[in-house]
Amino acid sequence: MTGNNLHSRQFGEWQGDRIWPSAGYNRQIERLKQAIGRQIYLVELKQEAINLGIRYSDTPFELVAVIDFPRPDPARGLAPHLILLDDGRGINLGRIARITLDTPYSPPTENILYQESFLVERLLLRERRLSEASIAERSKLLLGRFLGKRPNKQLTGE
């Protein structure tokens, strides 16, 4: 399974009946546009072959522009806008969990320009469980998938 397929599957499972984009999305876009030319900090989604994680950056980037993205796709996690940074990157907001001013870690509410609350709750603030049992369970699941076996719902906890 490729990283994009994994991200699409997980994003689709997490969405359920939630509104997309979020109810405050347009307000957040306006806040981002007002911050053009300022230094921002990103918390980006990190897609890997077997999981979807978060990457904090303590490097400030200058926000150069916020532009419309012509082909948003909620199933693939692509939002209707992307941001341009001074390092030459353009990043779709669907690939970002949070954008802040002044600090990359534990920002006060007034410094949060953009936040995908659903992703923040599922990936940043979620209780972590790492034990011998959880590692063994995950290893069995992944080995089974590698060998072409269908996952056992009881084993995966789904």
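**Note on the aromatic rings**

1. Let's start with Y105: at 43% relative accessibility it is partly exposed, a label that sits between buried (under 20% relative accessible area) and exposed (over 50%), using a 1.4 Å probe and protein chains only. Keep in mind that this is a predicted model, where local features need pLDDT of at least 70, side-chain atom pairs count only at pLDDT 80 or more, and totals for chains, interfaces and linings use all residues. Residues are numbered from 1 along each chain as its sequence is written, and side-chain values use heavy atoms, with hydrogens and water left out.

2. Rings of Phe, Tyr and Trp (its six-membered ring) pair if their centres lie within 6.5 Å; planes under 30 degrees apart are stacked, over 60 edge-to-face, and the rest tilted. That rule gives two aromatic pairs here.

3. One is Y25 with Y114, edge-to-face at 6.4 Å centre to centre and 85° between the planes. Y25 belongs to helix 2 (residues 25-34) and Y114 to strand 7 (residues 112-115), so the pair ties together parts 89 residues apart in sequence. Helices (H or I, at least four residues) and strands (E, at least two) are DSSP runs, numbered from the N terminus. Y25 is buried at 3% relative accessible area, and Y114 is buried at 2%.

4. Then there's Y56 with Y105: centres 5.5 Å apart and planes at 35°, so the pair is tilted. Y56 is in strand 2 (residues 52-56), while Y105 is in the loop between strand 6 (96-101) and strand 7, so this pair ties together parts 49 residues apart in sequence. Y56 is partly exposed, at 38%.
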